[in-house]
Amino acid sequence: MQVLKGVDIAIPSGALIAFKGRSGSGKTTLINLLSALDRPDSGQVLFEGHDLTGMSDKERDSVRRTRMGLIFQSFALIPLMSAYENVEFVLRVSGYPAQERQSAAEGALEQVGLKSRMSHRPFELSGGEQQRTAIARAIAHKPRLLLADEPTAELDSRTGLQIMKIFRDLVETAGMTIIMTTHDPAIMEIVDRVYELEDGVIVVSS
């Protein structure tokens, strides 16, 4: 089954981009290709001038670990670890320098407004705080590209807008490029560009 068909786009650096479309339109598949989690059957995925599709699995893992950050709809936090430990643990397993892990983890949590909550475990945090922890985990190593699959889907509208403010701040202050998928029409007013997918084809760009 062909999920994506003839997708040909260039994402500008330092922009907040949204892909929208019905379930099954190909949004998550596109995010997985852009993050080097999946390989396309044909075509290329270029990132910072390098063809991700031509890299070995080890090379792709290295790019994803050092140059990209991933945020999932389900948060995917480790239940028995505090917010700080969740962020520091990912830095540790990715080979981030030991002498820099504490400041990087604490800095990322402070950046998303969780400085006073970093010792709390996921069940002690609200849904919005859990998602902010997931964002801190994804940005602690200062990636150039942040990819988020439906990051506000499990949140109420007010909390979702708080998450979008964090994204906007990351773009404007850190020069980060953020690509996300969404169903939320309110978010369309906040992002720099929207691409609409329908049956694996980009039908609208605004």
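**Terms and their grounds**

Visitor: Why is Val204 called partly exposed?
Guide: Buried means under 20% relative accessible area, exposed over 50%, and partly exposed in between (1.4 Å probe, protein chains only). Val204 has 38% relative accessibility, so Val204 counts as partly exposed. This is a predicted model, in which local features need pLDDT of at least 70 and side-chain atom pairs count only at pLDDT 80 or more, while totals for chains, interfaces and linings use all residues. Residues are numbered from 1 along each chain as its sequence is written, and side-chain values use heavy atoms, with hydrogens and water left out.

Visitor: Where does Val204 lie?
Guide: Val204 belongs to strand 8, residues 201-205; strands (E, at least two residues) and helices (H or I, at least four) are DSSP runs numbered from the N terminus.

Visitor: What makes strand 4 and strand 8 edges of the sheet?
Guide: Two strands pair if DSSP finds at least two bridges between them. The open sheet has 6 strands in the order 4-5-6-1-7-8, with mixed pairing. Strand 4 (68-71) and strand 8 each have a single partner strand, so one side of each is left without a neighbour in the sheet.

Visitor: How do you know that strand 1 and strand 6 pair?
Guide: Strand 1 (residues 16-20) and strand 6 (residues 177-182) share 5 bridges, in the parallel sense, and the definition asks for at least two. Within this pair, Ala18 stands opposite Met180 in strand 6.
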